[in-house]
Amino acid sequence: MTTTAITNIGSLVTNDPALGDGTPLGLIEDATVVIEGDRVAWVGPTAQAPAADTTYDAHGRAAIPGFVDSHSHLVFAGDRTAEFNARMSGRSYSAGGIRTTVAATRAATDAELEANLVRHLHEARRQGTTTFETKSGYGLTVEDEARALRIAAAHTEEVTYLGAHIVSPDYAEDPAAYVDLVTGEMLTACAPYARWVDVFCEKGAFDGDQARAILTAGAAAGLIPRVHANQLSYGPGVQLAVELGAASADHCTHLTDADVDALANSETVATLLPGAEFSTRAQWPDARRLLAAGATVALSTDCNPGSSYTSSMPFCIALAVRDMGMTPDEALWSATAGGARALRRTDIGVLTPGARADLALLDAPSHVHLAYRPGVPLVSAVWQHGRQVH
């Protein structure tokens, strides 16, 4: 295999304290990354770099691991501009929310759903995202959930079965029957395409007992739990996630002290999704409280057409720093290594020998510019699986 050296990196974030300055980001100044195949072969000071077959001069720009977006909803059709416009204009809006997207998704062809997914993936990649998780949840029938996961699985290994997004409109009068479907025939059809099982544990969606049944059935089918937890209100979602060993509890906006303690004393990652709070003018999650307690925190976009229609991890970093109490270092770590933890991965979110060669160059001297210059398209080049893709 040929090797490529990305040289003259002004500031390199490795996320390995042992490789760099001893901080969690493992910073190396005037650095080089050597790529062999789809893996990182070497990192260190440029003056010590081994020879490589080809060279890419970073001209002093900063380099970071590719962003790991561990929570998104990208298999959908339709548009909810009117809903967002009404919300931001202070007007009431009586259309169907998620149900509107469900109707549009069911009516779309496979080709239309895949084209929309790919468009959003390219959009995210231009902004430095090299790994993404995505979910079903806008079909809510056996056939539509399975096809959503089949389409997603062609583009990422991190696929989540979310038949339990809301109770299907077809079962509005019999939620128990829908839970039976989600844990039975639908699960059987969907499990071959998924790695994860998720549930929206919230008032108006699924209560604690229903969520437990869904996650337990998913785990019995070989899927690993993750939970939409405590987004809109206090509830059992976080405690259930920790109890069942879920990889992540996502949203974590309304937390009791017991919830924070449970996360801090578990392997369950608290994944915060500030795009949702931005787009709904809701209360911000308190990242500082979680970090102070010792919880592992991830940042993700929650990209979806209703409550967080952004694919920009840099935007989420800026929000986390401005409104959630995170430092720029903490926010970047959470958007890279934290996302990898939420996906139980050790080969991404870091730039260390043996890791997957996913990285982004910033048109800036430091990663701090991601929060310092919000809204500016700073990602100037992206490598994914060892190939330059942007």
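This is a predicted model: local features need pLDDT of at least 70, side-chain atom pairs count only at pLDDT 80 or more; totals for chains, interfaces and linings use all residues.
**Aromatic pairs**

A pair of aromatic rings is described by the distance of the centres and the angle of the planes. The count of aromatic pairs in this model comes to six. Two of them are set out below.

| Pair | Distance of ring centres | Angle of planes | Arrangement |
|---|---|---|---|
| Tyr56 and Trp383 | 4.9 Å | 90 degrees | edge-to-face |
| Phe76 and Tyr309 | 6.0 Å | 75 degrees | edge-to-face |

The pair of Tyr56 and Trp383 links distant parts of the chain, 327 residues apart: Tyr56 belongs to strand S4 (residues 54-57) and Trp383 to strand S15 (residues 379-384). Tyr56 is partly exposed, at 23% relative accessible area, whereas Trp383 is buried, at 4%.

The pair of Phe76 and Tyr309 also links distant parts of the chain, 233 residues apart. Phe76 lies in the loop between strand S6 (67-69) and helix H1 (81-88), and Tyr309 in the loop between strand S13 (297-299) and helix H12 (313-323). Phe76 is buried, with a relative accessible area of 1%; Tyr309 is partly exposed, with 42%. Together with Tyr138, these two residues form one aromatic cluster.

**A charge over a ring**

The ring of Trp196 has the charged end of Arg226 over it, 4.3 Å from the ring centre.

**Helix H5**

Helix H5 spans residues 175-183, and its residues Tyr178, Val179, Leu181 and Val182 are buried. These residues lie on the same side of H5, because they cover an arc of only 160 degrees around the axis. The buried residues of H5 pack against helix H4 (142-153), strand S8 (158-164), helix H6 (185-190) and helix H7 (208-220).

Terms used. Residues are numbered from 1 along each chain as its sequence is written. Side-chain values use heavy atoms; hydrogens and water are left out. Buried means under 20% relative accessible area, exposed over 50%, partly exposed in between (1.4 Å probe, protein chains only). Helices (H or I, at least four residues) and strands (E, at least two) are DSSP runs, numbered from the N terminus. The arc is that of the directions from the helix axis to the C-beta atoms. Contact means heavy atoms within 4.5 Å. Rings of Phe, Tyr and Trp (its six-membered ring) pair if their centres lie within 6.5 Å; planes under 30 degrees apart count as stacked, over 60 as edge-to-face and the rest as tilted. A charge sits over a ring if NZ of Lys or CZ of Arg is within 6 Å of the ring centre and within 35 degrees of the ring normal.
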